[in-house]
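Visitor: I would like to learn how to read helix packing and nonpolar cores in a model like this one. Could you take me through them slowly?

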Amino acid sequence: MAKRSDADEATRLTGGEGEAAGANKKPSYGTAEPKKNLGRTVTPYYTRDGGWQPAPAEAAPMYLYISHFLSAFIDRTWQFAVPVLLMLVWTDTLLPAAVVGFASNFATFVLMPYVGHWTDQKDRLKVLRFSIIAECLSCLVGAFLLYHLTLTAAVKGETRYPTWSTHEIIVFTALCVSNAAAEVTMRVGQQSLEKDWVVVVAQHLRADVKVYNTRMRMIDLGCKLLGPLFFGLVVQYTRTPGISAVDHVYNTIFALSAVNVIAAPIEFVTVAVAYCSIESLSKKMRKVREAVSPFTVLAAGWHTYLTHMVFAPSFAYGMLWFTVLDNGALMTAYLKWQGVEEGLLGASREA
């Protein structure tokens, strides 16, 4: 066997040392290009010391769960807070809560097909960022309008019924618009995460989408209890002896607004991290379809429903819901009107 030359031996030793040094060398953060690491793609998402820190794709679901929890918590809290606060403004009428609830549902029915069409055309991250910002601003504006109505009613001594003066009508209409905007933007973010982002992430990671959907649903159901319970306890325990109605509403609105302001930046960051971790999220895979009038969709749906074989039993089951009161905004306002404590009302909201 031929003897190795001194040059070959030096090359071998140098290469071995280089490999050893490479194994112990810290990763470089000076590039923003995705890198291959043990068979998985990692993508940079935030700066550190002038460079980029890579985020593994497997961490994307966790960030989606965090964003969905905060969004659902704010959503359920706001839905419960509006009728309760309206009952603090006018203590002897359910009409304002009923009108606000109707306006929100009607706006959702009319606008969601067009908003969905717009969502399909835009980048996923831009859609969620818009949803987060619009939701936060709508809730803050609605909270300010509720406080303004409380202050106006207290100054005029009209704390039982609204007189529907021109000023009250303008402010109350603005409240309906802001609440409807909050509801629509909340649904945009929820639908985008649950129906689009989760599917793309599951396909990218080759995971079972049913597992992700189950976890998202568990988070949503948990927030249905935690959101109303949180706000109910805030309303109940900020009512101290001798406090005026205006100060009480101010305290509860301040707590609600603070939660919105704190949650929005966290949502903003978590969705950006998930988006940058999954390359597939930057690509639109669906066909963009023209927006269809909601009334056309409703007519076609009713025609299909009425001619289907399950119409009779499903209609009989649906009639059962006319025998009980729905546990929604109007029911919440009614129970508050009857003197049920806010903490108990929040804890039993989804019972």
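Guide: H3 and H5 are oblique to each other, a word kept for angles that are not under 35 degrees (roughly parallel), over 145 (roughly antiparallel) or 65 to 115 (roughly perpendicular). This is a predicted model, in which local features need pLDDT of at least 70 and side-chain atom pairs count only at pLDDT 80 or more, while totals for chains, interfaces and linings use all residues. Residues are numbered from 1 along each chain as its sequence is written, and side-chain values use heavy atoms, with hydrogens and water left out.

Visitor: At what angle do H3 and H5 pack, and how far apart are their axes?

Guide: Two packed helices are described by the angle between their axes and the distance between the axes. Here helix H3 (residues 95–121) and helix H5 (residues 166–205) pack at about 45 degrees, with axes 8 Å apart; the axes are lines fitted to C-alpha atoms, for helices over the stretch in contact, and angles run from 0 to 180 degrees between N-to-C directions. Helices (H or I, at least four residues) and strands (E, at least two) are DSSP runs, numbered from the N terminus.

Visitor: Which residues of H3 and H5 meet?

Guide: Among them are Val 100, Ala 103 and Leu 111 in H3, and Phe 172, Cys 176 and Val 184 in H5, where contact means heavy atoms within 4.5 Å. The residues of this contact of H3 with H5 divide into 14 nonpolar, four polar and two charged; Ala, Val, Leu, Ile, Met, Phe, Trp, Tyr, Cys and Pro count as nonpolar, Asp, Glu, Lys and Arg as charged, and the others, Gly among them, as polar.

Visitor: How many residues does the largest nonpolar core have?

Guide: In soluble globular proteins, nonpolar side chains tend to be buried together. The largest nonpolar core has 33 residues, and Trp 197, Val 201 and Leu 281 have the most contacts inside it; such a core is a set of buried Ala, Val, Leu, Ile, Met, Phe, Trp, Tyr and Cys residues joined through side-chain atoms within 4.5 Å. H2 gives the most to this core, with eight residues. A second, separate core of 32 residues includes Val 100 and Cys 176.

Visitor: Is Arg 206 buried or exposed?

Guide: Arg 206 counts as exposed, at 78% relative accessibility, given that buried means under 20% relative accessible area, exposed over 50% and partly exposed in between (1.4 Å probe, protein chains only). Arg 206 lies in the loop between H5 and H6 and has a positive phi of about 55 degrees although it is not a glycine.
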